Amino acid sequence: MNAFMKHAHAESDSMGVAFWWLDWQQDYLYPYVRGTAMRHLPWLNKIYYNYSMQNNLHGAGFSRWAGWGDHRHPIQFSGDAVGNWDLLRFEIDLTTTSGNADCFFWAHDLGGFSGGRNAELYTRWTQFGLLNSSLRIHSVYDEKLDRRPWLCGDAE
């Protein structure tokens with residue numbers, strides 16, 4: 001992994017990249033680090049978090065939550081959320097209580113990664129996002145689902 005980090009990331013690091021967003025770590029394809037009983041996502045989160053501390057920087061990471069103990073490698077995100085009121089409520093409850101398990105830094109797919117567009121839901125989700133550790137709008141690439149704020153408007 002040291003050789004991978006050096007050859008895959010050194011050029012970007014020299015341009016000022018401070019940490020990486022690890023996405024698409026679905027465990028159903030390759031759940032374990034080859035030859036071990038360790039799940040790959042906590043392993044990757046630790047490697048990338050430690051790597052981000054080079055040059056005396058405070059560690060940072062951005063990845064899906066990898067289970068208990070992964071709060072040491074913030075910021076976690078909740079994954080590809082469906083845009084609806086029930087999920088917004090769940091994410092508010094999750095975020096406000098996750099600090100009880102030392103997981104203070106959450107990011108969410110504001111407005112939902114998929115599902116219909118709804119201007120009021122999007123506005124409320126964004127307001128919630130303003131109070132999180134990461135204000136992140138993210139959606140599937142589809143003209144009808146695009147979450148860029150200037151495209152939301154009144155037309156639904």
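In this briefing, buried means under 20% relative accessible area, exposed means over 50%, and partly exposed covers what lies in between, with a 1.4 Å probe and protein chains only. The model is predicted, and local features need pLDDT of at least 70, side-chain atom pairs count only at pLDDT 80 or more, while totals for chains, interfaces and linings use all residues. Residues are numbered from 1 along each chain as its sequence is written, and side-chain values use heavy atoms, with hydrogens and water left out.

**Aromatic pairs**

- Four aromatic pairs are found in a search of the whole structure, where rings of Phe, Tyr and Trp (its six-membered ring) pair if their centres lie within 6.5 Å, and planes under 30 degrees apart count as stacked, over 60 as edge-to-face and the rest as tilted.
- One of these is the tilted pair of Trp21 and Phe62, with 5.1 Å from centre to centre and 55° between the planes.
- This pair links distant parts of the chain, 41 residues apart, since Trp21 lies in the loop between helix H1 (2-14) and helix H2 (40-51) and Phe62 in the loop between H2 and strand S1 (63-64); helices (H or I, at least four residues) and strands (E, at least two) are DSSP runs, numbered from the N terminus.
- Trp21 is partly exposed at 37% relative accessibility, whereas Phe62 is buried at 9%.
- Trp21 and Phe77 form an edge-to-face pair, because their ring centres are 5.8 Å apart and their planes stand at 90°.
- That pair also joins distant parts of the chain, with Phe77 in strand S2 (residues 76-77), 56 residues from Trp21.
- Phe77 is buried, at 2% relative accessibility, and ring pairs link Trp21, Phe62 and Phe77 into a cluster.

**Charges over rings**

- The charged end of Arg136 sits over the ring of Phe77, 4.8 Å from its centre, which requires NZ of Lys or CZ of Arg within 6 Å of the ring centre and within 35 degrees of the ring normal.
- The charged end of Arg39 likewise sits over the ring of Tyr32, at 5.1 Å from the ring centre.

**Helix packing**

- H1 and H2 pack at an angle of about 45° with their axes 13 Å apart, where axes are lines fitted to C-alpha atoms, for helices over the stretch in contact, and angles run from 0 to 180 degrees between N-to-C directions.
- Phe4, Met5, His9, Ala10 and Asp13 in H1 meet Ile47, Tyr48 and Tyr51 in H2, contact meaning heavy atoms within 4.5 Å.
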